[in-house]
Amino acid sequence: DFLKKECEQHQLVATVFSDVHPNPIEEDVILGAKLYSQERCDCVIALGGGAPMDVAKVILIAATHEGPLSKFDDAKGGDKYIVNPLAPIFAVPTTAGTGSEVGRAGVIIVKDTGLKTVIFHPTLLPTLAILEPSLTVNLPAHMTAATGVDAFTHAIEAYFAPGFHPMADGIAL
């Protein structure tokens with residue numbers, strides 16, 4: 001609500017889409033893309049944890065490309081089908097776990113397979129990430145712990161992955 005009010009105070013029209021499952025499903029993306037198109041949105045502000053951010057990114061694909069989302073599966077080379085320009089994405093995380101605000105992918109459970117599917121493309125990297133620590137302080141303790149463990153796990157995975165990348169290792173450490 002605060003973000004919508006801020007936008008309106010600056011004469012910006014804001015449309016809110018918040019129907020996102022904790023493990024996002026294709027329907028979340030399709031409904032968001034439909035609203036995005038109906039309201040003629042020109043950007044996305046992804047506010048929340050990893051799930052809303054992933055959905056926000058993939059909404060831009062669904063709004064500008066023919067589906068189904070399984071077509072864009074990174075494991076099957078789906079990035080080659082992302083050819084239309086995507087609108088800017090502004091990411092404002094309210095948790096400290098996924099790092100989706102600085103990632104080029106969205107993870108969605110696709111309808112065709114029922115599996116979590118990585119949809120990756122360089123243009124999914126948010127245009128701007130706003131990291132405001134005060135947005136995380138009101139999280140319940142169990143959510144703070146869960147997202148902290150999630151971030152820690154990502155760092156361990158990155159560090160021990162078979163391929164070597166000095167920047168990834170540096171960030172992981």
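Helices (H or I, at least four residues) and strands (E, at least two) are DSSP runs, numbered from the N terminus. By that rule the protein has 5 helices and 5 strands. From the N terminus on, they run α-α-β-α-β-β-β-β-α-α.

This is a predicted model: local features need pLDDT of at least 70, side-chain atom pairs count only at pLDDT 80 or more, and totals for chains, interfaces and linings use all residues. Residues are numbered from 1 along each chain as its sequence is written, and side-chain values use heavy atoms, with hydrogens and water left out.

Start with the overall form. The radius of gyration is 16 Å, close to the 16 Å that the globule rule gives for 173 residues, so the protein is as compact as a globular protein of that length. That radius is taken over C-alpha atoms, and the globule rule is 2.2 Å times the number of residues to the power 0.38. The C-alpha trace spans about 45 × 40 × 25 Å along its principal axes.

Contacts come next. A contact means heavy atoms within 4.5 Å. Among contacts with a separation of 6 or more, 66% join residues 24 or more positions apart.

Now the surface. The accessible surface comes to about 10600 Å², and carbon and sulfur atoms hold 61% of it. Areas come from the Shrake-Rupley method with a 1.4 Å probe; for residues, only the protein chains shown count as cover. Buried means under 20% relative accessible area, exposed over 50%, and partly exposed in between (1.4 Å probe, protein chains only). On that scale, 31% of the 173 residues count as buried.

Lys and Arg count as positive and Asp and Glu as negative, while His and the chain ends are not counted. Each charge is placed at NZ of Lys, CZ of Arg, CG of Asp or CD of Glu. The protein has 11 positive and 20 negative charges, and their mean positions are 6 Å apart.

Go inside next. A nonpolar core is a set of buried Ala, Val, Leu, Ile, Met, Phe, Trp, Tyr and Cys residues joined through side-chain atoms within 4.5 Å. The largest such core has 23 residues. Val29, Leu60, Ile61, Leu69, Ile108 and Ile119 touch the most other members. The elements that give two or more residues are α2 (26-38), β1 (44-48), α3 (50-64) and β2 (89-93). Helix α3 gives the most, with 7 residues. Look at Leu60. Beyond its neighbours up to four places away in sequence, Leu60 touches Tyr36, Val44, Leu86, Ala87, Pro88 and Ile89.

Strand β1 also holds Ile45. Ile45 is partly exposed, at 37% relative accessibility. Leaving aside neighbours within four places in sequence, Ile45 is in contact with Leu3, Cys7, Phe90 and Val92. Ala141 is 96 residues from Ile45 in sequence and 26 Å away in space, C-alpha to C-alpha.

Two threonines in loops come next. Thr94 is in the loop between β2 and β3 (105-109). With 18% relative accessibility, Thr94 counts as buried. Setting aside residues up to four places away in sequence, Thr94 touches Leu47, Gly48, Gly49, Leu135, Thr136 and Leu139. Thr136 is in the loop between β5 (128-129) and α4 (141-160). This residue is partly exposed, with a relative accessible area of 24%. Not counting residues up to four places away, Thr136 touches Thr94, Thr95 and Thr144. The C-alpha atoms of Thr136 and Gly48 are separated by 9.6 Å, although the two residues are 88 apart along the chain.

Finish with other loop positions. Val20 lies in the loop between α1 and α2 and is partly exposed at 24% relative accessibility. Beyond residues up to four places away in sequence, Val20 touches Asp28, Ala51, Pro52 and Val55. Gln11 is in the loop between α1 (2-9) and α2. Gln11 has phi near 60 degrees, a positive value in a residue other than glycine. Gln11 is exposed, with a relative accessible area of 69%. Arg40, in the loop between α2 and β1, has phi near 55 degrees, a positive value in a residue other than glycine. Arg40 is exposed, at 74% relative accessible area. The peptide bond from Gly67 to Pro68 is cis, with omega near 5 degrees. Pro68 sits in the loop between α3 and β2.
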